[in-house]
Amino acid sequence: MPALRERHTPDLVIVNGENSAGGLGITEGTAAELFAAGADVITTGNHVFRHRDVYEYLDREERIVRPANYPHGNPGRGHTVVDAQGSRVAVINLSGAVQLKVARSPFAEVDSILERIGSSVDAVVVDFHAEVTSEKVAMGWHLDGRVAALFGTHTHVPTADARVLPGGTAYVSDVGMTGSRAGVIGVKRHQALEAFVTQMPVRFETAEEDVWVMGAAVSIGAGGQADSIEQVLVPAAG
């Protein structure tokens, strides 16, 4: 994080902490580690409720969000507003509806949130935690010109389509993961291979070799639209 901060000089750092707790979900302890490393806001995804002892923390800590289109009674919040060097930035977390469980359409949910936020913020950033690229691309076009950036997450593999859409929204279908490229989407490769080959249950462990940091750096102008997007793909060592 120090080297990345020196290179990009970010005003706001958003980290998806979805799998920070041993590869599944998040805990108060792992969230604290991410904040200590320099994260300003933590987004999550479909594993956010894996550890029951995090529920109270999700309600209490305003800098962490879970998918907004989950049931309203679930722990946590779907969006938050934070200060970034004098600018008010809303961070929205959404889950895709294709092959994932949600209570409401992510398209209708984000429309509702943006209507409620109105002009009270200077910029909006969305983490769309979704399974299929078609739903992510569609969401990019749906929000083009209405949010500063839409980062796709969940599939762990970075896509090569980072760009600023015509309306001024920075978009990438998947920013990738921070984890081992020597495994299979973060899992030790021999365990993943065993599961695929034998079609039997296998206990997965987190791979630890050849760890890379993956993400994207977006420059946002005074009007709340993106000027540029640059993918971040760097080895964690060194």
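Arg63 is partly exposed, with 34% relative accessible area. This value, like everything that follows, comes from a predicted model.

The charged end of Arg181 is placed over Trp212, at 3.7 Å from the centre of the ring.

Now to the salt bridges. How many are there by the rule used here? The count comes to eight salt bridges. One of them joins Glu28 and Arg60, whose closest N and O atoms are 3.4 Å apart. Glu28 belongs to helix α2, residues 28–36, and Arg60 to helix α3, so this pair ties together parts that lie 32 residues apart in sequence. Glu28 is partly exposed, at 36% relative accessible area. Arg60 is partly exposed too, at 44%. Glu56 joins Glu28 and Arg60 in a network of salt bridges.

Another salt bridge links the side chains of Lys136 and Asp174, at 3.0 Å from N to O. Lys136 is in helix α5, residues 133–143, while Asp174 is in the loop between β8 (170–172) and β9 (179–180), so the contact ties together parts 38 residues apart in sequence. Both Lys136 and Asp174 are buried.

Next come the aromatic rings. The rule gives two aromatic pairs. Phe49 and Tyr55 form an edge-to-face pair, 5.7 Å from centre to centre, with 90° between the planes. Phe49 pairs with Tyr70 as well, and here the arrangement is tilted: the centres are 5.9 Å apart and the planes stand at 45°. Why does this pair tie together separate parts of the chain? Phe49 lies in the loop between β2 (41–43) and α3 (55–60), and Tyr70 in the loop between α3 and β3 (79–84), so the parts they tie together are 21 residues apart in sequence. Both Phe49 and Tyr70 are buried. Taken as a group, Phe49, Tyr55 and Tyr70 make one aromatic cluster.

Gln99 is found in the loop that runs between β4 (87–95) and α4 (106–117). Gln99 counts as exposed, because its relative accessibility is 63% and the class begins over 50%. His154 lies in the loop between β6 (149–153) and β7 (163–164). Is His154 buried or exposed? At 16% relative accessibility, His154 counts as buried.

Key. Residues numbered from 1 in each chain as written. Predicted model: local features only at pLDDT ≥ 70, side-chain atom pairs only at ≥ 80, totals over all residues. Heavy atoms only, no water. Helix = DSSP H or I, 4+ residues; strand = E, 2+ residues; numbered from the N terminus. Buried < 20%, exposed > 50% of the residue type's maximum accessible area, 1.4 Å probe, protein only. Phe/Tyr/Trp six-rings, centres within 6.5 Å; stacked < 30°, edge-to-face > 60°. Lys NZ or Arg CZ within 6 Å of the ring centre and 35° of its normal. Salt bridge = Lys/Arg side-chain N within 4 Å of Asp/Glu carboxyl O.
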